[in-house]
Amino acid sequence: MQSEPETVCNVAISFDRCKITSVTCSCGNKDIFYCAHVVALSLYRIRKPDQVKLHLPISETLFQMNRDQLQKFVQYLITVHHTEVLPTAQKLADEILSQNSEINQVHGAPDPTAGASIDDENCWHLDEEQVQEQVKLFLSQGGYHGSGKQLNLLFAKVREMLKMRDSNGARMLTLITEQFMADPRLSLWRQQGTAMTDKYRQLWDELGALWMCIVLNPHCKLEQKASWLKQLKKWNSVDVCPWEDGNHGNELPNLTNALPQGANANQENMGQCKSLEYQHLPAHKFLEEGESYLTLAVEVALIGLGQQRIMPDGLYAQEKVCRNEEQLISKLQEIELDDTLVKIFRKQAVFLLEAGPYSGLGEVVHRESVPMHTFAKYLFTSLLPHDAELAYKTALRAMRLLVLESTAPSGDMSRPHHIASVVPNRYPRWFTLSHIESQQCELASTMLTAAKGDVRRLETVLESIQKNIHSSSHIFKLAQDAFKIATLMDSLPDITLLKVSLELGLQ
């Protein structure tokens, strides 16, 4: 501002192998990020390297001086800064003249201008105290004054560091996590038996996601992983550490805020990414010919989506299951499928159908296994133009919703060793069940649309609907969908689809 007087700041920056390893500035501004003066000097050094004189390390310069020059150098240095350095200079002089002093037991002397050894670790300067203070301040504001936004900016900074393979990423996340663990509200909520706010929980989710990125980093050393594991176990053992599945089962669900709103909260930001173009970058170290980072990423995503997993207990965790699945599928939908990727889809679909208990699309799944409707609909539409038989096989397998079906008998009561298995059937609290059933209905409707004109497939889809869909409102919706598809204006009515519509309507 013009009204502000111009100030002169003394700035010092230390470099080591193209990294800023320490900074000092007389402005006194305290922040996580470098002050404007440090940034200005860095830019000046980058843009005008010839204007910044390069000196040899001071130890080399001193080595070139004779005794008289060295004495003159020291006395002038003390004279210019006598109030600051005279006590230190006298103390050092006494120690050097003493035969038994500790300083005389060390060969040579330190040189702050010489830089580190080539084998020494080096990392960007990070003001740890300021990171802790800022996070503590943001948490104390409890979501007001844009504090949640500020914390998300810090998380974004950690992601940026991880992307650049900067070791400060893990350091910074450790400092942030420690402040989250020290938040006094955690113990207050625990004592009162109340649930934390959804916004606050989302911040904890981001913490967990970032730690996952760190511990899965293939470039870090085993001793680092061991150290992080020890630290994570230590935090996990603290009483106030929140559970991923909510407030230890005590919270009362607010069903008015449940899905589908929750599932679309982060959108049988996304828009900003649509302009991205995904390309195949060759991964030379991998064995299979034609593999790239993109094919590997897509395959890992398909494996993750197809894993069999038990539905968690709490409302928030159940919403999170749906939200994460839809976010990942949304990312996959941005990628244009070429021949290489179609091969990956076919390979994974076959594998998931034939696999054992690890697959959510296997022949046998747990009654409370997370349904595969959303994932199967995406697989179906992706595979349909390339392998219709496999597409239908996958979608039909995914139609089941076992949690709504009656359970099998619990063993022979006449045999004593079967007594242990006779327990009351716990009807699980699936807070997102209405959302799941609507996804099941969507999958069925997608298959009906695609099967128009194919009598055999329409009959198969009808059987699947009659067997697996338990909601009368969804069956009625499918009857309406079938009627609309059968009587589209641009073609003659599809008699088989009309029969499907009639049978579903009657049911």
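Residues are numbered from 1 along each chain as its sequence is written, and side-chain values use heavy atoms, with hydrogens and water left out. In this predicted model, local features need pLDDT of at least 70 and side-chain atom pairs count only at pLDDT 80 or more, whereas totals for chains, interfaces and linings use all residues.

**View 1. The annotated segment, residues 9-46.** An unreviewed UniProt entry gives these residues the annotation "domain: SWIM-type", and such annotations may be inferred rather than shown by experiment. Across residues 9-46 the chain is 29% helix and 34% strand, where helices (H or I, at least four residues) and strands (E, at least two) are DSSP runs. The end C-alpha atoms of this segment are 19 Å apart.

View 2. Lys91 is exposed at 52% relative accessibility, while Glu95 is partly exposed at 26%; buried means under 20% relative accessible area, exposed over 50%, and partly exposed in between (1.4 Å probe, protein chains only).

**View 3. The salt bridge of Lys320 and Asp205.** The closest N and O atoms of this pair are 3.1 Å apart. Lys320 is buried at 14% relative accessible area, and Asp205 is buried at 19%.

**View 4. The salt bridge of Asp454 and Arg457.** Here the closest N and O atoms are 3.5 Å apart, with Asp454 partly exposed at 25% and Arg457 buried at 14%. Salt bridges that share partners join Glu389, Asp454, Arg456 and Arg457 into one network.

Notes
A salt bridge is a side-chain nitrogen of Lys or Arg within 4 Å of a carboxyl oxygen of Asp or Glu.
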